[in-house]
Amino acid sequence: MKRDEAGVAPDPVDARLGARLAELRAEQGWSLGELAERSGISRSTLSRAERAEISPTASLLNRLCAVYGRTMSQLLSEVEAEPAPVVRAADQPVWEDPASGYVRRSVSPPHGGLRGELVEGRLIAGADIAYDRPPVPGLEQHIWVREGTLVVTAQDTDHRLAAGDCLRLRVWGPTRFRCPGPEDVRYVLAVVRP
């Protein structure tokens, strides 16, 4: 098994994700430099992510998804086992971005023939994640807050959501998710591809 500079084997999901990112770039026939220009991510960061030397952040994956025209869930599902019709709680893939305090559970991962998916998101108090563009323009999102407070900025408008509130929108430009606290926020995100 390949090991990083410290002699530690990469996380298996990061290793599969890195390999898939390299495959996607190869499918397009792009060099690292071309992908860097298209995504705004440095060549060295892209190279390290493809070799699983780093665990990509949510923001980095969002930029790559936008370039490749897929949602983050689609990308992550490509590195996981084929989803079954029933997804048991213990089998729902969880991905964490320790840098931002974001935890993402794929409750209903993308499935062939279906346009929708269901994600549970958790942000720690004070977390602030900005996405510079949607992974797929016109992506439909329904954000239902279950616990805590979430501030979503879309089209230069802040939407403050409390427990039980739901925001429905199509995403065309930058978005931002913030947890003002004092407690963490837990929300359900329904995503429907156009």
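**Entry 1: the model.** I am working with a predicted model.

Entry 2: How many disulfides does the structure hold? I found zero. I then looked up C179. Which cysteine sulfur is closest to the sulfur of C179? It is the one in C166, and the distance is 18 Å. A disulfide needs two cysteine sulfur atoms within 2.5 Å. The sulfur of C179 is therefore too far from that of C166 for a bond.

**Entry 3: burial.** Is C179 buried or exposed? C179 is buried, and I noted a relative accessible area of 1%. I also checked C65. C65 is buried, with a relative accessible area of 1%. Buried means under 20%, so C65 falls in that class.

**Entry 4: empty space.** Rolling a probe the size of a water molecule over the atoms shows where empty space is left. I counted cavities of 30 Å³ or more and got one. The largest cavity has about 300 Å³ of space.

**Entry 5: the lining.** Which residues lie nearest the centre of the largest cavity? I wrote down N62, M72, Y131, Q141 and L189, out of 21 lining residues. The largest share comes from β10, which gives three residues.

Entry 6: I sorted the lining residues of the largest cavity by type. There are 13 nonpolar, five polar and three charged residues.

Methods: Residues numbered from 1 in each chain as written. Predicted model: local features only at pLDDT ≥ 70, side-chain atom pairs only at ≥ 80, totals over all residues. Heavy atoms only, no water. Buried < 20%, exposed > 50% of the residue type's maximum accessible area, 1.4 Å probe, protein only. 1 Å grid on protein atoms, 1.4 Å probe; cavity = no way out; pocket = protein on both sides within 12 Å on 5 of 7 lines; lining within 4 Å. Points joined across faces, edges and corners; volume = space filled by probe spheres on them. Helix = DSSP H or I, 4+ residues; strand = E, 2+ residues; numbered from the N terminus. Nonpolar A, V, L, I, M, F, W, Y, C, P; charged D, E, K, R; others polar.
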